[in-house]
Amino acid sequence: MQYISDGVFWLDGKLVPAAGCDLDRAAGAKGTIAHGILMAHNTSGNEKKLKIKFDAMASHDITYVGIIQSARASGLTQFPMPYVLTNCHNSLCAVGGTINEDDHVFGLSAAKKYGGIYVPAHQSVIHAFMRETQSGCGRMILGSDSHTRYGALGTMAIGEGGPELCKQLLNRTYDIDYPEVVAIHLTGAPRPGVGPQDVAIAIIGAVFGKGLVKNKVLEFIGDGIANLPIDYRCGIDVMTTETTCLSSIWVTDGVVENYFKTHKRPEAYAPLAPKNGAYYDAALEIDLSKIECMIALPFHPSNAYTVKEVCANAGDILRSVEKAAAEQLELTAPFTLTDKITPAGIRVDQGVIAGCAGGTFDNLCAAAKILAGGTIGDGAFALSAYPASQPVYMELIKNGAAADLMGAGVTLRTAFCGPCFGAGDVPANGGLSIRHSTRNFPNREGSKPNGGQIASVALMDARSIAATARNGGILTPATDIDFDDTPRAYTYDDSAYASRVYNGWGKADPTAELKFGPNIADWPKMSALTDDLLLQVASVITDPVTTTDELIPSGETSSYRSNPEKLSSFALSRKDPGYVDRAKAIRTLETARREGKGTPALADLFAKLAACGGDPASAGIGTIVCARRPGDGSAREQAASCQKVLGGWANLATEYATKRYRSNLINWGMLPLTCTEDIADFALGDWLYLPAIRRAVEEKWDVIEGFVVSGDAIRPIKLTVGSLTDDERAILLDGCLINHCKV
């Protein structure tokens with residue numbers, strides 16, 4: 001695998017280094033597939049500053065209530081495009097009881113009132129349904145889930161926080177600078193037993209740590225694509241999210257055309273390919289025949305090894321994971337993986353094949369072939385599988401694959417995303433779970449390290465998970481198993497959707513009433529950005545990367561996603577349990593200031609800052625979270641909105657891990673500050689004073705000068721908010737997107 005950073009041209013089916021080539025790069029950049037799709041959806045008239053309108057959108061039941069509530073507060077009358085509301089995250093309604101089901105009732109009522117598409121629980125995971133019913137060559141789709149990726153079907157899809165979907169519902173645009181485009185050049189063919197997750201983990205391992213494709217578009221080209229079935233392509237594509245790229249797009253061919261014919265939408269197909277002479281800002285060369293069975297060890301998809309390498313060097317490699325956990329996680333109990341090493345090999349406690357990445361037809365058929373006539377055994381090892389949609393499940397039943405899996409001891413479940421974020425199949429304390437799902441961050445399997453319970457997830461392909469199951473739970477690559485990996489034929493039967501899915505697109509009924517449960521609450525009132533800000537440091541996180549799971553945990557908190565105040569009590573609960581109380585204490589000071597009651601407790605601080613300019617006594621008072629690289633992982637807006645609800649005004653970072661987290665901060669009226677100082681230099685209880693901050697945002701200052709008060713010492717600091725569009729500046733000035741859309 002080779003990364004070429006200097007730019008390349010696509011000439012006569014080959015990549016040619018741009019250095020020394022006399023072709024025009026700017027002209028060549030217009031020859032990519034990505035350029036054509038972006039320009040077709042750009043409304044700005046400016047090829048460098050894009051204002052995108054999407055063809056369709058999707059949200060699940062952790063996000064759609066908040067999005068619709070936000071849009072409703074800003075004057076929503078009907079959905080302007082097909083908007084799919086799936087129920088694949090809070091499906092079980094096990095935690096919080098009717099709290100979750102009330103969200104579903106609200107979703108159906110909203111689909112009727114505003115003209116949406118409502119997919120009941122257990123019918124499909126969000127991305128399977130969008131692939132089956134909404135994708136199309138040349139289309140663009142926006143989803144409030146980070147794994148919104150349909151590039152293998154010719155669709156540029158982007159996962160963002162809820163406010164970006166809210167903008168689309170209000171006929172606004174998605175504003176970005178034209179992104180760099182990176183060619184992913186595939187050659188060769190995978191060996192039998194090597195699956196899409198293996199290719200994906202290899203790619204993530206190669207690019208994530210160096211940020212090589214951050215916020216860029218990945219364009220898959222090359223003759224190796226023809227050797228990949230459509231589910232295989234989709235399985236690689238959905239995992240591109242873990243590279244931190246913006247979106248993805250693939251060459252389309254007869255395989256894609258057949259997919260749309262099979263799914264009764266032949267008109268959705270169009271051939272897509274780069275023009276001869278297309279220019280790419282960078283390229284990644286991948287020979288598929290050299291990819292081995294891979295494993296992403298805890299606690300990140302980029303912690304990539306070959307399965308054989310781990311088996312051969314288990315002690316050294318697993319000890320390195322233990323060491324990293326001890327350094328980065330606030331553990332209250334011992335953590336070990338080396339106890340999984342036995343004379344027979346590495347013992348695994350659980351396997352899961354699920355969700356948009358794992359639960360595809362081909363993956364489950366391959367697992368069935370490996371396990372047919374065998375058994376996973378009657379010991380501690382357990383294996384569960386979640387077909388990604390009812391049509392997939394029906395076909396597995398019809399062709400006998402479901403029976404082969406069940407006969408081997410596999411538990412088949414309905415479509416559910418829970419295992420991807422810790423709401424299903426939670427292993428025992430100390431357990432090791434191998435999963436064909438999307439992420440393996442801490443807590444993603446449902447354990448609570450700071451509560452004395454910890455388990456681990458390693459990502460693997462369904463084929464190697466099945467091979468491990470066949471081998472009694474001893475870690476085994478699928479290339480060690482002799483089986484026929486040829487995909488089975490697939491027949492799409494959408495009768496389950498015809499029976500249960502409510503399709504209200506184009507049929508909005510303004511007279512329909514929204515149905516609210518007691519846990520569905522409106523957003524609190526949020527004030528505009530004040531002239532000056534006075535922010536107390538309420539949390540300092542010095543880890544190399546901070547995930548959105550650490551900013552607001554998934555799992556049991558899902559029940560409260562529709563209640564901003566209740567959900568905010570979970571903010572940073574697994575990373576910094578004292579944060580919420582600190583933030584609430586400062587919030588009471590801001591409430592007193594707004595109500596004109598004064599803040600005598602800060603009199604000494606005001607006196608210290610008297611010579612620093614501005615008017616500290618009338619400054620907005622709030623909190624700030626300091627982290628080195630926050631925002632990796634999920635698109636969930638609640639990672640930012642919970643801080644806002646608790647009185648947060650800003651984050652301070654060395655850089656932001658993803659564009660979507662930074663956008664979430666902005667849309668909730670929180671300044672995305674950066675600085676060159678070491679985050680470790682800030683301490684809990686320090687104050688950051690930003691005189692003239694409103695002017696700085698209004699007048700587009702390149703550098704914002706502030707002051708840090710640490711004990712009796714005051715030091716100056718230089719900050720930046722980075723590049724902001726005019727709309728983003730207006731949102732920050734108004735205090736949040738909801739306020740901005742009202743004015």
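Contact here means heavy atoms within 4.5 Å, and helices (H or I, at least four residues) and strands (E, at least two) are DSSP runs numbered from the N terminus. The structure is a predicted model, in which local features need pLDDT of at least 70 and side-chain atom pairs count only at pLDDT 80 or more, while totals for chains, interfaces and linings use all residues. Residues are numbered from 1 along each chain as its sequence is written, and side-chain values use heavy atoms, with hydrogens and water left out.

The protein chain holds 27 helices and 34 strands. Its radius of gyration (taken over C-alpha atoms) is 25 Å, close to the 27 Å from the globule rule (2.2 Å times the number of residues to the power 0.38) for 743 residues, so the chain is as compact as a globular protein of that length. Of these 743 residues, 63% are buried (under 20% relative accessible area, with exposed over 50% and partly exposed in between; 1.4 Å probe, protein chains only). Among contacts with a separation of 6 or more, 76% join residues 24 or more positions apart.

Just after H26, Gly735 takes a positive phi of about 105°.

Turning to charge, the whole structure contains 34 salt bridges (a side-chain nitrogen of Lys or Arg within 4 Å of a carboxyl oxygen of Asp or Glu). One of them pairs Asp175 with Lys51 at 3.1 Å, N to O. Asp175 sits in strand E10 (residues 174-177) and Lys51 in strand E4 (residues 49-52), so this pair ties together parts 124 residues apart in sequence. Asp175 is buried, at 11% relative accessible area, whereas Lys51 is partly exposed, at 31%.

A salt bridge of 2.9 Å, N to O, joins Glu242 and Arg439. Glu242 belongs to the loop between helix H8 (230-238) and strand E13 (247-250), and Arg439 to the loop between strands E23 (432-436) and E24 (456-459), so parts 197 residues apart in sequence are tied together. Glu242 is buried at 2% relative accessibility, and Arg439 is buried with a relative accessible area of 2%.

What of a buried charge with no salt bridge? Glu395, in helix H14 (residues 390-398), is such a case: the nearest side chain of opposite charge, Lys398, is 4.7 Å away. Not counting residues up to four places away in sequence, Glu395 touches Phe361, Ala489, Tyr490 and Thr491.

Conventions:
Lys and Arg count as positive and Asp and Glu as negative; His and the chain ends are not counted.
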